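Hi everyone, thanks for coming.

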Amino acid sequence: MEGIVLMGEADGLIKIQGGVFMMGSPDTEKKGWDASEADPDETLHQVKVWDFFLGACPVTHREYEELIGYNPSRFKGAENPVEQVTWYEAVEYCNLRSRRDGLHPAYHINKEEIDRNNLDCHDLHRWTVSWDKSADGYRLPTEAEWEYACRAGTTTSFSTGDTITTDQANFNRKHKSGVLPVGSFNPNGWGLYDMHGNVFEWCWDWLGPYTTDTDTPDGPASGTQRVLRGGSWNWWLYGVRSGSRFAGRPYGRYYLSIGFRLARSSFNEVHVYG
């Protein structure tokens with residue numbers, strides 16, 4: 001990540017101070033070009049997020065290839081965010097990088113046992129992946145953590161305010177090269193780059209409707225799709241909002257440019273998710 005000053009851990013992760021925030025979007029927020037595009041699953045609700053660490057940037061081609069040995073991305077470039085990565089590949093990368101860095105892997109991955117919480121009969125993998133919430137290793141952020149970090153204390157549609165331009169993020173097919181190197185735009189208020197646009201990012205959670213009376217920091221227990229956040233270079237304005245929700249099949253290698261960024265639990269807060 002040449003040219004980017006990372007304020008935080010040596011592994012490129014930034015300490016995010018936890019807090020209470022309103023997750024989702026108010027009814028007054030424009031979510032699409034017309035009312036038919038509004039997402040009914042952005043119900044505004046209060047969520048408590050505990051301290052955690054989050055990558056200043058998504059994982060790059062260089063970082064992915066030096067550990068995995070190949071690069072699945074469509075848009076090549078050492079400092080581009082890796083994309084066309086499946087959710088399964090993302091969690092495997094988290095574990096491999098944890099072991100390389102002397103950390104306890106966050107995930108138990110059993111490729112021989114069918115995950116009964118994966119309700120997608122078309123998923124030929126259906127690996128059982130469980131999260132060891134006492135581990136200090138790398139993991140994917142929860143959807144709540146991701147949105148909290150994206151907002152960086154803001155309550156507007158974007159961390160930049162009520163709108164965002166293509167001079168502030170990579171979206172709406174503005175750049176003919178497609179994906180741009182990480183850190184091509186200014187970070188948000190908490191030092192995080194590319195939270196809006198460039199590539200979608202996998203989260204840990206299964207996709208499910210929000211609830212207004214329950215704090216579920218790691219999402220529903222089952223589902224067919226894993227949450228995607230942030231939008232991408234070829235997505236439209238309203239699709240890169242802080243509260244926008246998307247999802248994909250965990251085995252999918254999509255052409256929508258899907259990558260991920262690393263998270264780690266904060267030791268003194270791990271018990272909260274247990």
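Let me start with a term I'll need in a moment: a polar contact is a pair of N or O atoms within 3.5 Å, and within protein one atom must be able to donate a hydrogen and the other to accept it, with residues adjacent in sequence counting only if both atoms are side-chain atoms. Two words on the source. What you see is a predicted model, where local features need pLDDT of at least 70 and side-chain atom pairs count only at pLDDT 80 or more, while totals for chains, interfaces and linings use all residues. Residues are numbered from 1 along each chain as its sequence is written, and side-chain values use heavy atoms, with hydrogens and water left out.

Okay, the overview. The protein has three helices and eleven strands; helices (H or I, at least four residues) and strands (E, at least two) are DSSP runs, numbered from the N terminus. Going along the sequence, the pattern reads β-β-β-β-α-α-β-β-α-β-β-β-β-β. Of the 274 residues, 58% count as buried, where buried means under 20% relative accessible area, exposed over 50%, and partly exposed in between, using a 1.4 Å probe and protein chains only. As for contacts, meaning heavy atoms within 4.5 Å: among those in the protein with a separation of 6 or more, 72% come from residues 24 or more positions apart.

Glu29 sits in the loop between strand E2 (19–23) and strand E3 (45–49). Is Glu29 buried or exposed? Buried, with a relative accessible area of 8%. The side chain of Glu29 makes a polar contact with the side chain of Ser157, at 3.3 Å. Not counting residues up to four places away in sequence, Glu29 touches Thr156, Ser157 and Arg241.

Strand E3 itself holds His45, which counts as buried because its relative accessibility is 6%. A polar atom of the His45 side chain lies 2.8 Å from the backbone oxygen of Thr43.

Next, a sheet. Three strands form an open sheet in the order E1-E4-E11, with antiparallel pairing. Strand E1 (13–16) and strand E11 (263–265) stand at the edges with a single partner strand each, so one side of each has no neighbour in the sheet. Neighbouring strands here are turned by 25° against each other on average, direction ignored. E1 and strand E4 (residues 52–55) pair over four bridges, in the antiparallel sense; to pair, two strands need at least two bridges found by DSSP. In that pairing, Ile14 stands opposite Leu54 in E4.

On to the helices. Helix H2 covers residues 87–100, and its 14 residues reach 20 Å from first C-alpha to last, close to the 20 Å expected at 1.5 Å a residue. That expected span is 1.5 Å times one less than the number of residues. Ten of the 14 residues of H2 are buried, so the helix is largely enclosed by the rest of the structure. Among those buried are Trp87, Tyr88 and Cys94. What do the buried residues of H2 pack against? They pack against helix H1 (61–68), E5, E6, E7 and E8.

How do H1 and H2 meet? Their axes come within 10 Å and cross at roughly 75°. That makes H1 roughly perpendicular to H2, since 65 to 115 degrees counts as roughly perpendicular, under 35 as roughly parallel, over 145 as roughly antiparallel and the rest as oblique. The axes are lines fitted to C-alpha atoms, for helices over the stretch in contact, and angles run from 0 to 180 degrees between N-to-C directions. On the H1 side, the buried residues are His61, Glu63 and Tyr64, and they pack against H2. Both helices are followed by a glycine with positive phi: Gly69 after H1, near 100°, and Gly102 after H2, near 75°.

One of the strands that H2 packs against is E6. Four of the five residues of E6 (residues 127–131) are buried, so this strand is largely enclosed too. Five bridges join E6 to strand E5 (residues 107–114), and the two run antiparallel. One of the pairs is Tyr107 with Trp131 in E6.

Last stop: Pro220, in the loop between strand E7 (200–206) and strand E8 (226–229). Pro220 counts as partly exposed because its relative accessibility is 35%. Leaving aside neighbours within four places in sequence, Pro220 is in contact with Trp206, Leu207 and Gly208. Pro220 and Leu207 are 13 residues apart in sequence, and their C-alpha atoms are 7.2 Å apart in space.
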